[in-house]
Amino acid sequence: MLAIEAENLSKKFGDFTAVDNISFKVEHGSIFAFLGPNGAGKSTTIKMLTTVLAPTSGKITLNGHDVLKDPNEVRKNFGIVFQDPSLDDDLTAYENMEIHGVLYHVPGNEMPKRIEQLLGFVELWDRKNDLVKTFSGGMKRRLEIARGLLHHPKVLFMDEPTIGLDPQTRNHIWSYILKMNKDEGTTIFFTTHYMDEADKVAKEIAIIDNGKIVAQGTSAQLKEKTKANSLEDAFIELTGHEIRHEEAAPNQRMRMMRRMRR
Amino acid sequence: MNTLTVLWLRQLKKYFRSKARIIGSIGQPLLFLVALGFGFGPIFSKAGGGNYLDFLVPGIVAMTILFTAIFSGIEIIWDRQFGFLKETLVAPVSRYEIMVGRTLGGATIAVLQGALVFVISLFLGFTPNLMMLPLAIVFAGLIALFFTALGTAIASLLDDMQGFQLIMNFLVMPTFFLSGALFPLTGLPSFISVIAQINPLSYGVDGLRGTLANATQFGLPMDFAVLGILTVVVMGIGGYLFSKIQV
């Protein structure tokens, strides 16, 4: 069975086509990297795959369930680490974990043990009772990753999970995710701008640009196709040198306004 | 713990942790009680209306609940902005359940805030009918639920805080001022009277006044029926709109 299957998926915002008729398949237990320049349509695709944004057209199946017709069943099957912050800053680290555990039906008797284990893993256990608003960006990121792993999802989506983390933490977190992939067969679908990271962990890579998938295959295949020495060179070969502009979503604009007011 | 409890508890924890918010939201009702209660008191009794403070307090308690409840509902916009909303929207629980949990949390806070103003009013000289207090709490709860759900419904349609001033000036303030919170609904020009009668808060104010101050316009059964039905309806609409949110 396939973990994820997208067929002719498109998303338009007014005149702008963010995702343009893409199709791809992700095997069970695979580690799938979804790469692309800023504004290429990565996050929009992840939002559609995870039921929070309705596609303009196309079909998505996740673990055999139709994402559009059966969103509740689909939500039981995946976990997600969002690109933007998604913690409640006015609650403690432990409380954020606990709410997640309850929402994802982690059994009550297992919950404290798992929360301790995961907060320990991202080295936040001694800060468990501190409000999240006192955390640095990196700490928040670690907490979000720990939270995404709490319920042992069958498919784990991660949108630029390691952004803002130092190499030590990145390695540490990837080794845990790879172990989960190996032990539990968790399918991993992630985006990143670190090409070395994708090169190292991904079993399959899709490169998206201007809403279209421009290449797909293993890292070796992509390098071979573009006659490049590294994945980064292959990526630039496929997507060009031009620097991209990304429109801020309304909520991001607001975040900036609020920052200015402070 | 289940979804409802954990989301309800979240609202309460956040409320009790922001002392500034608790104290800040007492300021306005207190000002209304003192300025209007003592300012208009003499004229009101001279006109044969009786004790104005006894008349006013249920109105101001209702106002406090209205404001707190609407804000709690609209908090969804902040959750959207800070991203926490996404976390709940991708969870494998029904969005109606999420909406109801949040609404119960917001409504509880609104009732607590109303109770705080009620207690303060006792020190200002309000003499309520304490026998009817349990029934008054039921009305307070209905007002709170209705307006939290209304706030949720509105916030589900908004992307950011741009429309907030619009809601304040064209919905919340008129709802308060034209509800009979400040003046009796008898002998009014007919257009104001009509507005007051289609204003849900009028029935909430009347219910509180009927229980706490033994004075009702529509009768308590009517107040209860109107508010109860409207609350169920707006919970349904709010839940539906919330379930359609995209981020």
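Predicted model: local features only at pLDDT ≥ 70, side-chain atom pairs only at ≥ 80, totals over all residues.

Visitor: Let us begin with the two chains. How many residues of chain A are in contact with chain B?

Guide: On the side of chain A there are 29 residues, and they meet 27 residues of chain B. The elements of chain A that give two or more residues to this side are helix 2 (71-75), helix 3 (93-103) and helix 10 (250-261). Helix 10 of chain A supplies the largest share, four residues.

Visitor: How do the residues on that side of chain A divide by class?

Guide: They comprise 14 nonpolar, seven polar and eight charged residues.

Visitor: Turning to chain B, which elements does it contain?

Guide: Chain B has ten helices and zero strands. Read from the N terminus, its order is α-α-α-α-α-α-α-α-α-α.

Visitor: How is a pair of packed helices described?

Guide: Two packed helices are described by the angle between their axes and by the distance between those axes. In chain B, helix 3 (residues 52-82) and helix 7 (residues 164-177) pack at an angle of about 165°, with axes 10 Å apart. Angles over 145 degrees count as roughly antiparallel, and helix 3 and helix 7 of chain B are therefore roughly antiparallel to each other. Their crossing is right-handed.

Visitor: Which residues make the contact between helix 3 and helix 7 of chain B?

Guide: Helix 3 of chain B contributes B:Met63, B:Leu66, B:Phe67 and B:Ile70, while helix 7 of chain B contributes B:Val172, B:Thr175 and B:Phe176. By class, this contact has six nonpolar, one polar and no charged residues.

Visitor: In chain A, at what angle do helix 3 and helix 4 cross?

Guide: The axes of helix 3 of chain A and helix 4 (residues 111-121) of chain A cross at roughly 130° and come within 10 Å. These two helices of chain A are therefore oblique to each other, and their crossing is right-handed. The contact is made by A:Ala93, A:Tyr94, A:Met97, A:Glu98 and A:Gly101 of helix 3 and by A:Met111, A:Ile115 and A:Leu119 of helix 4. It has six nonpolar, one polar and one charged residues.

Visitor: Why is helix 3 of chain A described as largely enclosed?

Guide: A residue counts as buried if 20 or more other C-beta atoms lie within 10 Å of its own. Ten of the eleven residues of helix 3 of chain A are buried, so the helix is largely enclosed by the rest of the structure. Among the buried residues are A:Glu95, A:Asn96, A:Ile99 and A:His100. Their cover includes helix 4 and helix 5 (137-149) of chain A, together with helix 1 (3-17) and helix 4 (84-89) of chain B.

Visitor: Where does a positive phi occur just after helix 3 of chain A?

Guide: A:His105 takes a positive phi of about 60° there. A:His152 has a positive phi of about 50° although it is not a glycine. A:His152 is found in the loop between helix 5 and strand 7 (155-159) of chain A; with 14 other C-beta atoms within 10 Å, A:His152 is partly exposed. A:Asn210, likewise not a glycine, has a positive phi of about 50°. A:Asn210 is placed in the loop between strand 9 (204-209) and strand 10 (212-217) of chain A, and its 17 C-beta neighbours inside 10 Å make it partly exposed.

Visitor: What are the surroundings of A:Arg170, and which residues does it touch?

Guide: A:Arg170 lies in helix 6 (residues 167-184) of chain A. It has 18 C-beta neighbours inside 10 Å and therefore counts as partly exposed. Not counting residues up to four places away in sequence, A:Arg170 touches A:Thr162 and A:Leu165. A:Arg170 and A:Glu197 are 27 residues apart in sequence, with a C-alpha to C-alpha distance of 9.0 Å.

Terms used. Residues numbered from 1 in each chain as written. Chains lettered and ligands numbered in written order. Contact = placed C-beta atoms within 7 Å. Nonpolar A, V, L, I, M, F, W, Y, C, P; charged D, E, K, R; others polar. Axes fitted to C-alpha atoms, helices over the stretch in contact; angles between N-to-C directions. Parallel < 35°, antiparallel > 145°, perpendicular 65-115°, else oblique. Left-handed = near helix turned anticlockwise from the far one by under 90°. Buried ≥ 20, exposed ≤ 12 C-beta atoms within 10 Å, placed from the backbone.
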